[in-house]
Amino acid sequence: MIERLHTSNRMSKIFKHNGVAYLCGQVGAGDSVAEQTADCLSRVDELLTEAGSDREHVLQAVIWLADMADFAEMNAVWDAWVPQGHAPARACGEARLARDVLKVEIIVTAAIKD
């Protein structure tokens with residue numbers, strides 16, 4: 001069974017299938033990459049909860065930075081957010097994001113809690 005939540009013509013914010021929740025890419029507000037990462041992860045938390053999951057069930061994260069020079073600053077926020085012993089598979093790369101003010105975008109896939 002497939003379940004889509006917050007669906008528009010372009011995308012769904014949450015896509016659930018076979019016990020897995022796929023979240024659309026999340027961005028955040030703020031001037032620094034740390035502020036944007038914290039806000040972005042707050043939005044991820046909200047979507048995970050709605051999908052029936054949480055940080056401990058994140059399977060994979062793909063992180064796009066507008067500038068890899070921000071890698072350490074983003075990681076400081078990320079490392080505080082990930083529960084000890086529950087680090088997901090992760091990739092991080094540099095990409096031109098949808099708007100010039102964006103510094104980070106995070107895409108998460110998580111198992112749905114039983």
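Residues are classed by relative accessible area, computed with a 1.4 Å probe on protein chains only: buried means under 20%, exposed means over 50%, and partly exposed lies in between. The structure is a predicted model, in which local features need pLDDT of at least 70 and side-chain atom pairs count only at pLDDT 80 or more, while totals for chains, interfaces and linings use all residues. Residues are numbered from 1 along each chain as its sequence is written, and side-chain values use heavy atoms, with hydrogens and water left out.

W78 is buried, with a relative accessible area of 5%, and W81 is buried at 8%.

Both tryptophans belong to the largest nonpolar core, which has 24 residues. A nonpolar core is a set of buried Ala, Val, Leu, Ile, Met, Phe, Trp, Tyr and Cys residues joined through side-chain atoms within 4.5 Å. The members that touch the most others are L48, W78, W81, I106 and V108. Two or more residues come from each of β3 (20-23), α1 (33-51), β4 (58-65), α2 (71-81) and β6 (104-111). The largest share, 7 residues, is that of α1. Helices (H or I, at least four residues) and strands (E, at least two) are DSSP runs numbered from the N terminus. In soluble globular proteins, nonpolar side chains tend to be buried together. Beyond its neighbours within four places in sequence, W78 is in contact (heavy atoms within 4.5 Å) with L41, A61, I63, P88, R90 and I106.

The structure contains 0 disulfides, a disulfide being a pair of cysteine sulfur atoms within 2.5 Å. For C24, the closest cysteine sulfur is that of C40, at 9.8 Å, which is too far for a bond. C24 is buried, at 12% relative accessibility. The sulfur of C92 also has that of C40 as its closest cysteine sulfur, at 12 Å, again too far for a bond. C92 is partly exposed, at 25% relative accessibility.
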